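Please read them with the structure open.

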Amino acid sequence: MSDLLRIALPKGRLGEKVYQMFDAAGYSCPEILSDTRKLIFENRETGVCFFWVKPSDVAIYVERGAADLGVAGKDILLEYRPEIFELLDLRMGRCRMAVAGKKNFRDDPSKTLRVATKFPNIAGEHYRRQGRDIDIIKLNGSIELAPILDLSDVIVDIVETGKTLLENDLEPFETILPISARLICNRTAYQFRGGEIGAIRSKLKQQVEARA
């Protein structure tokens, strides 16, 4: 397998859509769509192998060299800051990182702002730029509960449609940054296999531009 380009795909709908892009670019591996318990899928004709991993783990596999290429959300890259190269915005999995809270919430700058989030680095950097005094509460799930139960004043989280917020009498106040899926690359792999990687990037870029 060492002669194949190893590509880490995020499990789920986004990963399936990304694989379709690779397939259309000429890097297919039909076995990946079959009902199997296999973990790694190879196609020696196209010189690639794919494997599914948890979305938040893709950057780790790429940074550590277990994968040459991968696809990860911009939120993951900003939060964990892996030492990788970001090659292309695939313009898929679009959403936004936002500040949200109760509809009647009014920030009082004289008080420490309590912020619940899964993304303490992104939230911290956002409020540091504003010079705002904050207390970050790191949570791993059900972020929307925090302001409802008065654990926090606001949350910093990914917002797609905003439906969950509205159903819980919350609303987004501020967009921190847009989020989308990015093609990322291991630094050493780019140095030694730049030609192959560049070819893949070019073909995926053509698809991105065709969809624009």
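1. Terms for exposure come first. A residue is called buried under 20% relative accessible area, exposed over 50%, and partly exposed in between, with a 1.4 Å probe and protein chains only. By that scale Ser-142 is partly exposed, because its relative accessibility is 48%. Ser-142 sits in the loop between strand 8 and helix 5 (145–148), and its phi is near 50°, a positive value in a residue other than glycine.

2. Basis of the notes. This is a predicted model, in which local features need pLDDT of at least 70 and side-chain atom pairs count only at pLDDT 80 or more, while totals for chains, interfaces and linings use all residues. Residues are numbered from 1 along each chain as its sequence is written, and side-chain values use heavy atoms, with hydrogens and water left out.

3. Overall make-up. The protein chain has eight helices and eleven strands; helices (H or I, at least four residues) and strands (E, at least two) are DSSP runs, numbered from the N terminus. The C-alpha trace spans about 60 × 35 × 35 Å along its principal axes. Of the 212 residues in the protein chain, 44% are buried. The accessible surface comes to about 11,600 Å², and 47% of it belongs to carbon and sulfur atoms; areas come from the Shrake-Rupley method with a 1.4 Å probe, and for residues only the protein chains shown count as cover.

4. Contacts along the chain. Contact here means heavy atoms within 4.5 Å. Among contacts between residues at least 6 apart in sequence, 67% join residues at least 24 apart.

5. The largest nonpolar core. A nonpolar core is a set of buried Ala, Val, Leu, Ile, Met, Phe, Trp, Tyr and Cys residues joined through side-chain atoms within 4.5 Å. The largest has 28 residues, and those with the most contacts inside it are Leu-9, Phe-22, Phe-50, Leu-69, Leu-90, Leu-183 and Leu-204. Two or more residues each come from strand 1 (5–10), helix 1, strand 3 (48–53), strand 4, strand 5 (85–89), strand 11 (181–185) and helix 8 (194–211). Apart from this core lies another, of 15 residues, among them Cys-95, Met-97, Ile-122 and Leu-177.

6. Phe-50 lies in strand 3 and counts as buried because its relative accessible area is 0%. Leaving out residues up to four places away in sequence, Phe-50 touches Ile-7, Leu-9, Tyr-19, Phe-22, Tyr-27, Cys-29, Ile-32, Leu-39, Ile-40 and Phe-41. With the same exclusion, the contacts of Leu-90 are Val-18, Met-21, Val-71, Ala-181, Leu-183, Val-208 and Arg-211. Between Phe-50 and Ala-181, 131 residues apart along the chain, the C-alpha separation is 17 Å.

7. Helix 4. Which residues of helix 4 (residues 120–130) are buried? They are Ile-122, Ala-123, Gly-124, His-126 and Tyr-127. These pack against helix 3, strand 6 (95–102), strand 7 (113–117), strand 8 (134–138), strand 9 (154–159) and strand 10 (170–179). Just after helix 4, Gly-131 takes a positive phi of about 70°.

8. The largest pocket. A pocket is an open set of points on a 1 Å grid over the protein atoms alone, where a 1.4 Å probe fits, with protein on both sides within 12 Å along at least five of seven lines; lining residues have an atom within 4 Å of a point. Points are joined across faces, edges and corners, and a volume is the space filled by probe spheres set on them. The largest pocket holds about 860 Å³ of space. Of its 29 lining residues, Leu-14, Pro-55, Asp-75, Ile-158 and Glu-160 are the closest to its centre. Helix 1 (13–24), strand 4 (69–73) and helix 3 (74–80) are the elements that give two or more residues to the lining.

9. Loops to check. Arg-81, in the loop between helix 3 and strand 5, has a positive phi near 50° and is not a glycine. Leu-151 lies in the loop between helix 5 and strand 9. Leu-151 is partly exposed, because its relative accessible area is 41%. Beyond four places in sequence, Leu-151 touches Arg-114, Ile-137, Leu-139 and Ala-146.
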